[in-house]
Amino acid sequence: MTHADPDKLLLRLRDFHSDYFPLHQQRFQDLVAQGQHPKTLFIGCSDSRLVPYLLTGAGPGELFLVRNVGAFVPPYDQSHGLHGTMAAIEFAVLSLKVERIIVCGHSHCGAIRTAYEGAPDEAVALKAWLKLVDEALLPVRPSPEAMRRTEQRAVVLQLERLMDYPMVRRSVEAGHLSLHGWHYVIEDGEVHVFDAERGAFVPASQSSHSGTGPYQPYVEHDGQIISDV
Ligand SMILES: [Zn+2]
């Protein structure tokens, strides 16, 4: 590779600077001068097909993002470990004082599939991390329908874990923070939002809100309750 033949990624960096930035320069500079004040913490799966800015129409300064394999929330843990997702939640709630937290899973999630099928032996961190979704797995072969249900159950499970974070529970109970569970169906281009009253995920096109929380027990159509908060 020579200077006359820059790689494609370098070209995109140059395009951002020369084409996009001049059109939005004031916005970026205001965000530097005034600091960021996002109202939303978005906890999303790392999957490349999930693009939070496209789904929400958000621009710079609007979403505080944390992404990980599966969009999981680790259990609240005061062991002083290197808990990246937990640190992001603490920062968003205590310092940024966000008003909502979205947990966004999606269809065809590789994390959920790997939780069913098993990770490579060498992937020690991945194996441990995927235990965070054990409670949402169904005792069946992962058919497309079972995958969909598991992905949705996983989202509700993470909302439950969020409520175990003292600063989250305190803010929710004070009415300063709401929790939203989303399941993004990539092939339909639609987010299904968790409706606590209906105990179900409702397509955004048919929902009157972007998700309710805190939530009532999540009762699936077969009557199984996975949340007894
Ligand atoms: Zn995923």
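## Burial and basis of the model

A residue is called buried if 20 or more other C-beta atoms lie within 10 Å of its own, exposed if 12 or fewer do, and partly exposed in between, with C-beta atoms placed from the backbone. By that criterion, 28% of the 229 residues of the chain count as buried.

The structure is a predicted model, in which local features need pLDDT of at least 70 and side-chain atom pairs count only at pLDDT 80 or more, while totals for chains, interfaces and linings use all residues. Residue numbers start from 1 along each chain as its sequence is written.

## Overall architecture

The chain contains seven helices and six strands. Helices (H or I, at least four residues) and strands (E, at least two) are DSSP runs, numbered from the N terminus. Along the sequence their pattern is α-β-α-β-α-β-α-α-α-α-β-β-β. The radius of gyration is 19 Å, close to the 17 Å that the globule rule gives for 229 residues, so the chain is as compact as a globular protein of that length. That radius is taken over C-alpha atoms, and the globule rule is 2.2 Å times the number of residues to the power 0.38. Along the principal axes, the C-alpha atoms fill a box of roughly 60 × 45 × 45 Å.

The domain assignment gives domain 1 (1–35) and domain 2 (37–206); such bounds come from an automatic or database domain assignment. The C-alpha centres of domain 1 and domain 2 are 30 Å apart. Two residues are in contact if their C-beta atoms, placed from the backbone, lie within 7 Å. Of the contacts between residues at least 6 apart in sequence, 58% join residues at least 24 apart.

## The sheet

Six strands make an open sheet of mixed pairing, in the order β2-β1-β3-β4-β5-β6. The edges are β2 (63–68) and β6 (200–203), each with a single partner strand, so one side of each has no neighbour in the sheet. From one strand to the next the twist averages 25 degrees. Axes are lines fitted to C-alpha atoms, for helices over the stretch in contact, and angles run from 0 to 180 degrees between N-to-C directions.

Strands pair if DSSP finds at least two bridges between them. Strand β1 (residues 40–45) runs parallel to β2 and is joined to it by six bridges, with F42 partnered by L65 of β2. β1 also pairs with β3 in the parallel sense, over five bridges; here G44 stands opposite C104 of β3. Between β3 and β4 there are seven bridges, again in the parallel sense, and I101 stands opposite L179 of β4. In β3, six of the seven residues are buried.

β5 and β6 pair in the antiparallel sense over four bridges, and H192 has P203 of β6 as its bridge partner. Four residues lie between the strands of this hairpin, where G199 takes a positive phi near 60 degrees.

V193 lies in β5 and is buried, with 23 other C-beta atoms within 10 Å. Leaving aside neighbours within four places in sequence, V193 is in contact with H180, W182, F201, V202, A204, S207, S210 and G211. By contrast, V193 and L11 are 38 Å apart in space, C-alpha to C-alpha, and 182 residues apart in sequence.

Helix α4 (residues 110–117) has A111, I112 and A115 buried. These residues cover an arc of only 100 degrees around the axis, which puts them on the same side of α4; the arc is that of the directions from the helix axis to the C-beta atoms. The cover over the buried residues of α4 includes β1, α5 (124–130) and α6. After α4 comes G118, with a positive phi near 95 degrees.

Helix α6 (residues 144–162) lies across β3 (100–106), β4 (178–185), β5 (190–195) and β6, and runs at about 160 degrees to β4.

## Positive phi outside glycine

H80 is not a glycine, yet has a positive phi of about 60 degrees. H80 sits in the loop between β2 and α3 (84–95) and is exposed, with 6 other C-beta atoms within 10 Å.

K97, also not a glycine, has a positive phi of about 55 degrees. K97 belongs to the loop between α3 and β3 and is partly exposed, with 13 other C-beta atoms within 10 Å.
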